[in-house]
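Dear colleague,

Here is the structure I said I would pass on. Please look through it alongside the notes below.

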Amino acid sequence: MSMVEAHQKQCNEEEESPRCSRRGSIDLHEKMQILMNSPIIRARAVDATCLQFVAQKMSVRIVERGDFIARKGCHGTHMFWLVSGCCECILDNKVIDFLQPGRCFGEMLVVKLCKLVRDGVDIKTALQECRRSADIVAMETCTLLELSYKVVLPLMRMVPNLWFSLEDCIRVNSERMKRTRLLELRIEAVKNSPLDIDGRVAALLQSSTIRARRVDMNCLREIADRMTVSVAKKDEIIAKKDSIGTHMFWVASGSCICMLDGVIIDKLEKGECFGEMSVMKICRLLKQGLSKERALSEGKRGADVQASEDSLLLALSYDDAYRLIRVVPNLWLTLEDLCKLRSMRVERLLVCSLDS
């Protein structure tokens, strides 16, 4: 059997539980406490008796760092709550989410499977149509509560509030995956970029962050060479509040608006940058010796940024920005000044909103 055939056979098997896992033990009371603290349970009121029914049916799994809990393209019959540890959600080799304790995952497949079974589709046919949409990998030893579709199925009738919350969770996660795909489509390879390296340098030289302190031209060309060009259409969300900020951007053409809780707090014109607060936080944490996984989980966006017209953006990843600490200290210091100014502006806005 070839490696390809072996992988296909593995993906065609029913995924009863995470591979390489071992069973654990959590008493019923603790299971209920874990569920009650979960955002998906708190979203709508769930009767304690129904919650106890769910908790009784859950089994405990322990997976080790680096183990796959779910693989894209594989069948699955369970959803999971993360009790301890943290996991990465990976789509097409890109980390699209970090899962912390209290979060659930695998619900997209399980809900789809339940709907097909409810509609009279036999389980073998339903399983063929239900495959995992992303990889979930343990970043450290993790404890999970797993719940079979056989338990979730009666919840459609017994606990409609929990069912509705699961559907809300699916919509949020689907939007996150859609945004990730759009970002990949927006960011073009440098060789196909409408701006060559000289064009990118010229765009950077228009920025006040570059002009504020002297930056050596060779260093500037090195930064420009590492940048990719991102095309954002009018009204497209470029950065979403609370998402992981792996890139910062300079506006090469067009304009964007920065919004906090739906209120416009800044307009970003040609030459201005944004996304630097989350990227610099990640870089600082890496410099302090934190692991990449931990640093990324802390580097959340503080606001939404939306294109107010078709815009051309220069994107710089946190990996490349991390080098600025040593290679281009003047630019790093200017970005720190910008972060402080923007933090003060957000604090003033929050104070004003509380006063009003």
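Predicted model: local features only at pLDDT ≥ 70, side-chain atom pairs only at ≥ 80, totals over all residues.

Aromatic pairs

The search of the whole structure turned up two aromatic pairs. In one of them, the ring centres of F80 and F105 lie 5.3 Å apart with the planes at 25 degrees; planes under 30 degrees apart count as stacked, so this pair is stacked. F80 sits in strand β4 (residues 78-84) and F105 in strand β7 (residues 104-105), so the pair ties together parts 25 residues apart in sequence. F80 has a relative accessibility of 2% and counts as buried. F105, at 5% relative accessibility, is buried as well.

The other pair is F249 and F274, with ring centres 5.2 Å apart and planes at 25 degrees, so this pair is stacked too. F249 belongs to strand β13 and F274 to strand β16 (residues 273-274), and the pair links distant parts of the chain, 25 residues apart. Both F249 and F274 are buried.

S255

S255 is placed in the loop between β13 (247-253) and β14 (256-260).

The side chain of S255 has two partners to look at. One is the side chain of S308, with a polar contact of 2.8 Å. The other is the side chain of E309, where the polar contact to S255 is 2.7 Å. Leaving aside residues up to four places away in sequence, S255 touches K267, L268, E269, A307, S308, E309 and S311.

The cavity

How many cavities of 30 Å³ or more are there? The count is one. The largest cavity holds about 70 Å³ of space. Its lining consists of C219, E222, I223, R226, L316, D320, R323, L324, V327 and V328. By residue type, the lining of the largest cavity splits into six nonpolar and four charged residues, with no polar ones.

Which helices supply at least two residues each to that lining? They are α11 (217-226) and α15 (324-327). The most comes from α11, which gives four residues to the lining of the largest cavity.

Two aspartates with positive phi

D235 has a phi near 75 degrees, a positive value in a residue other than glycine. D235 lies in the loop between β11 (228-232) and β12 (237-239). With a relative accessible area of 48%, D235 is partly exposed.

For D242, phi is likewise positive and near 75 degrees, again in a residue other than glycine. D242 is in the loop between β12 and β13. D242 has a relative accessibility of 51%, and exposed means over 50%, so D242 counts as exposed.

When you go through the model, the places to look at are the pairs F80 with F105 and F249 with F274, the loop that holds S255, the lining of the largest cavity, and the loops of D235 and D242.

Regards

Technical notes: Residues numbered from 1 in each chain as written. Heavy atoms only, no water. Polar contact = N/O pair within 3.5 Å; in protein donor to acceptor, adjacent residues only side chain to side chain. Contact = heavy atoms within 4.5 Å. 1 Å grid on protein atoms, 1.4 Å probe; cavity = no way out; pocket = protein on both sides within 12 Å on 5 of 7 lines; lining within 4 Å. Points joined across faces, edges and corners; volume = space filled by probe spheres on them. Nonpolar A, V, L, I, M, F, W, Y, C, P; charged D, E, K, R; others polar. Phe/Tyr/Trp six-rings, centres within 6.5 Å; stacked < 30°, edge-to-face > 60°. Buried < 20%, exposed > 50% of the residue type's maximum accessible area, 1.4 Å probe, protein only.
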